[in-house]
Amino acid sequence: MFVFEDLLALDSNDIMKVLGNVETEDLTVALKNATEEDMAIIQGYMSQRARDRFEEEFEMLGKTKIKDIEEAQKQILEVAMKLLESGEIERPEEE
């Protein structure tokens, strides 16, 4: 099973492909409860323009319901699964 936290285990190029195929709004909501470390990792894969937009939207985002966070994470996972199924990205190898 592929879960939201597994996205960070993807290859850096694959993370960038996923980020390039998701809406900033979904990403912003999905990361609302993320650790600072996870936020830094994700932002490290963004272009400066995308990072600026993300930070602006994140600052404007108020209280967010857990169900909304989970729904946004689900949307991102669906994008990742489509990319996995098409072979554009690869599932990380388990150790």
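With a relative accessible area of 45%, Glu88 counts as partly exposed, because that label covers everything between buried (under 20% relative accessible area) and exposed (over 50%), using a 1.4 Å probe and protein chains only. Glu88 sits in the segment after α5. Between Glu88 and Arg51 there are 37 residues in sequence and 23 Å in space, C-alpha to C-alpha.

A word on what you are looking at: this is a predicted model, where local features need pLDDT of at least 70 and side-chain atom pairs count only at pLDDT 80 or more, while totals for chains, interfaces and linings use all residues. Residues are numbered from 1 along each chain as its sequence is written, and side-chain values use heavy atoms, with hydrogens and water left out.

Let's step back into helix α5, where you will find Lys74. The helix names follow DSSP runs numbered from the N terminus (H or I, at least four residues; strands are E, at least two). Lys74 is partly exposed, at 43% relative accessible area.

The largest nonpolar core has 25 residues, and Leu27 is listed with Leu7, Val18 and Ile76 as having the most contacts inside it. Such a core is a set of buried Ala, Val, Leu, Ile, Met, Phe, Trp, Tyr and Cys residues joined through side-chain atoms within 4.5 Å. Two or more residues each come from α1 (12-20), α2 (24-30), α3 (36-44) and α5 (66-86). Of these, α5 gives the largest share, 8 residues. In soluble globular proteins, nonpolar side chains tend to be buried together.

Now for the charges. The structure holds 1 salt bridge, meaning a side-chain nitrogen of Lys or Arg within 4 Å of a carboxyl oxygen of Asp or Glu. Arg53 and Glu57 form it, with their closest N and O atoms 3.4 Å apart. Why do Arg53 and Glu57 lie about one helical turn apart? Because they are 4 residues apart in helix α4. Arg53 is partly exposed at 47% relative accessibility, whereas Glu57 counts as buried at 19%.

Helix α4 (residues 48-60) also holds Glu55, which is partly exposed at 33% relative accessibility. On the surface, Glu55 gathers with Asp52, Glu56 and Glu59 in a patch of negative charge. Patch members have over 30% relative accessible area and no salt bridge, with like charges joined within 9 Å and nonpolar side chains within 5 Å.

Notes: Accessible areas come from the Shrake-Rupley method with a 1.4 Å probe; for residues, only the protein chains shown count as cover. Lys and Arg count as positive and Asp and Glu as negative; His and the chain ends are not counted. The place of a charge is taken as NZ of Lys, CZ of Arg, CG of Asp or CD of Glu.
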